[in-house]
Amino acid sequence: MNNEILMHLRALKKTKKDVSLHDPIGQDKEGNEISLIDVLKSENEDVIDTIQLNMELEKVKQYIDILDDREKEVIVGRFGLDLKKEKTQREIAKELGISRSYVSRIEKRALMKMFHEFYRAEKEKRKKAKGK
C-alpha cells in the first residue's frame with residue numbers, strides 16, 4: 001500500500017503542485033475507492049486536526065520572538081509549546097514566584113502583542129498582494 005501512495009503522489013507532483021488528502025489513490029479489496037486521508041488516519045488521532053494544529057503552532061512560533069523573556073515563558077508554559085503538557089496559570093505562578101493574577105495579566109499582554117504583530121503582518125501581505 002505504501003508504494004501505491006508514493007506512486008500516486010509522484011504522479012500528481014508531475015502534473016500539479018497541490019495534493020489533496022481526499023484525492024483517490026486506489027481501491028480496497030472490496031472495490032471501494034480509497035483516498036489518502038483514509039490511509040493516513042489512525043485510531044487515536046485525526047490527521048486533519050494534527051496538520052491544522054501543527055500549522056497553527058508554526059504561526060505562533062513565528063511571532064513568539066517579539067515577546068520579552070517572562071512573557072515568552074508564560075506563553076510557552078501555558079500552551080505547552082515546549083512539547084510538554086500545558087500548565088495552568090496557578091502552576092506557572094508557583095514556578096515563577098508571582099501571583100496567578102499577574103500570570104493572567106502577562107498572558108493577556110503577550111497574546112495581544114502577538115495578535116497585533118500577526119494582524120500587522122497579514123495587513124502588509126495583503127497590501128503587497130494588491131500591489132502586484
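Is Lys-87 buried, partly exposed or exposed, and what is its relative accessibility? In this predicted model, local features need pLDDT of at least 70 and side-chain atom pairs count only at pLDDT 80 or more, while totals for chains, interfaces and linings use all residues. Residues are numbered from 1 along each chain as its sequence is written, and side-chain values use heavy atoms, with hydrogens and water left out. Lys-87 is partly exposed, at 21% relative accessibility; buried means under 20% relative accessible area, exposed over 50%, and partly exposed in between (1.4 Å probe, protein chains only).

The side chain of Lys-87 meets that of Glu-95 in a salt bridge, with an N to O distance of 3.0 Å. A salt bridge is defined as a side-chain nitrogen of Lys or Arg within 4 Å of a carboxyl oxygen of Asp or Glu. The count by this rule is 9 salt bridges. Another of them joins Lys-113 to Glu-71, whose closest N and O atoms are 2.8 Å apart. Lys-113 lies in helix 6 and Glu-71 in helix 4, so this pair ties together parts that are 42 residues apart in sequence. Helices are DSSP runs (H or I, at least four residues), numbered from the N terminus. Glu-71 is buried, with a relative accessible area of 1%, whereas Lys-113 is partly exposed at 32%. Glu-71, Lys-113 and Arg-109 are linked in a network of salt bridges.

Within helix 6, Lys-125 and Glu-122 lie 3 residues apart, about one turn of the helix. Their side chains also form a salt bridge (3.2 Å, N to O).

Definitions and conventions: Helices (H or I, at least four residues) and strands (E, at least two) are DSSP runs, numbered from the N terminus.
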